[in-house]
Amino acid sequence: MTGRFDTRLLPEGLRATGYSADGAILAIDAEVIDAEVICPGCGQRSSRRHGRYVRHLKDFPAHGRSVQVRLSVQRFRCVDAHCATKTFSEKVPECLACRHGRRTGRFQDLVAYLGRAMGGRPAQALGRRLRFGLSKDTFLRGAASGVRTMGCDPRVIGIDDWAWRKGQRYGTLICDLERRAVIDLLPDREPATVAAWLRQHPQIEVVARDRNGGYRQAISEALPDATQVADRWHLLQNASDAFLAAVRRAMPTIRRTACSAELDPGILTAAERLQFEGFQRRQQTNVMIQRMGSEGVPIKRIVRITGLCSATNKMRIRRQSG
């Protein structure tokens with residue numbers, strides 16, 4: 001199906017000249033409105049057309065279909081015979097499409113935003129529902145390329161260690177948290193190295209770090225007036241570790257309480273029911289092993305009856321005596 005229409009479906013600066021719908025893809029023919037036709041070599045304007053080519057750009061999905069913009073770009077000849085640039089293309093504004101880009105500017109901005117806000121895999125899962133058809137690596141590359149360069153020095157930074165070789169050699173990673181960009185990599189994580197770097201950037205006001213005492217010492221020495229913040233990831237990691245450690249310490253009490261309490265099998269899922277039934281069988285076996293141990297039954301006979309190895313039977317008998 002093909003046709004022509006006047007409705008503006010494209011970003012401002014593009015003119016739609018036609019469309020075609022084939023299955024799950026909607027292709028829109030377009031051209032640039034008032035494109036700049038200036039030779040990059042000599043700076044002279046030219047009207048001598050040399051030809052055209054088509055750029056295929058991905059745009060926002062529409063009506064359950066992927067949208068592809070077939071952007072027609074004209075080529076021109078330079079009017080200056082002495083210019084080294086013989087032919088050139090009309091300039092497509094960066095807001096419409098990046099140089100050599102395969103997505104429209106507004107679509108690339110959305111990809112960069114989702115990559116920064118959600119990360120690779122979550123953005124890919126959301127994009128699959130929105131019919132983006134992009135991989136997690138594309139979202140991560142978009143997040144990196146979508147960062148705008150700022151002329152000012154970093155004001156809010158994050159510091160953490162990273163592995164040159166895991167378990168053997170570590171360095172220090174420094175990020176500008178306002179720009180969301182890595183600004184430096186230090187060869188080690190020694191406090192003296194970090195402090196020397198910080199002294200070269202006295203404008204820094206806020207430093208987010210883990211609970212490493214070396215980083216705290218370096219920041220206090222180099223930037224005593226800077227605010228030190230424990231970053232969210234490490235706080236959640238520490239809270240999770242503390243919770244799991246408390247649960248492990250209380251597991252004997254939890255098991256005794258769970259064994260004595262009556263559990264309604266109707267509230268369990270199929271997987272939980274299988275686990276609970278296995279737990280009940282193990283408890284019955286434990287009671288039988290401990291009873292035979294208290295009656296003085298030889299360990300070899302217990303092994304033949306239960307089918308468990310002698311080490312397991314001895315451990316469960318000792319657990320009763322302990």
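Colleague: Is G307 buried or exposed?
Modeller: In this predicted model, G307 is exposed, because its relative accessible area is 62%, where exposed means over 50%, buried under 20% and partly exposed in between, with a 1.4 Å probe and protein chains only. Residues are numbered from 1 along each chain as its sequence is written, and side-chain values use heavy atoms, with hydrogens and water left out. As the model is predicted, local features need pLDDT of at least 70 and side-chain atom pairs count only at pLDDT 80 or more, whereas totals for chains, interfaces and linings use all residues.

Colleague: Where does G307 lie?
Modeller: G307 lies in the loop between α9 and α10 (310-321), with helices taken as DSSP runs of H or I of at least four residues, strands as runs of E of at least two, and both numbered from the N terminus. From C-alpha to C-alpha, G307 and V207 are 60 Å apart in space and 100 residues apart in sequence.

Colleague: And T306, why does that one count as buried?
Modeller: T306 counts as buried because its relative accessibility is 18%, and T306 belongs to helix α9 (residues 299-306).

Colleague: What does the side chain of T306 reach?
Modeller: The T306 side chain reaches the backbone oxygen of I302 at 2.8 Å, and a polar contact of 3.5 Å joins the side chains of T306 and N313. A polar contact is a pair of N or O atoms within 3.5 Å; within protein, one must be able to donate a hydrogen and the other to accept it, and residues adjacent in sequence count only if both atoms are side-chain atoms. Leaving aside neighbours within four places in sequence, T306 is in contact (heavy atoms within 4.5 Å) with M288, I289, M292 and N313.

Colleague: Switching to the loop between α2 and α3, what is the phi of R131?
Modeller: R131, which is found in that loop, has a phi near 65 degrees, a positive value in a residue other than glycine. Most residues other than glycine have a negative phi. R131 is partly exposed, because its relative accessible area is 47%, and L130, also in the loop between α2 (120-129) and α3 (136-145), counts as partly exposed at 40% relative accessibility.

Colleague: Last one, what caps the N-terminal end of α6?
Modeller: D231 caps that end of α6, with a side-chain oxygen 3.3 Å from the backbone nitrogen of W233. Helix α6 (residues 232-249) has 18 residues and reaches 26 Å from its first C-alpha to its last, close to the expected 26 Å, the expected span being 1.5 Å times one less than the number of residues.
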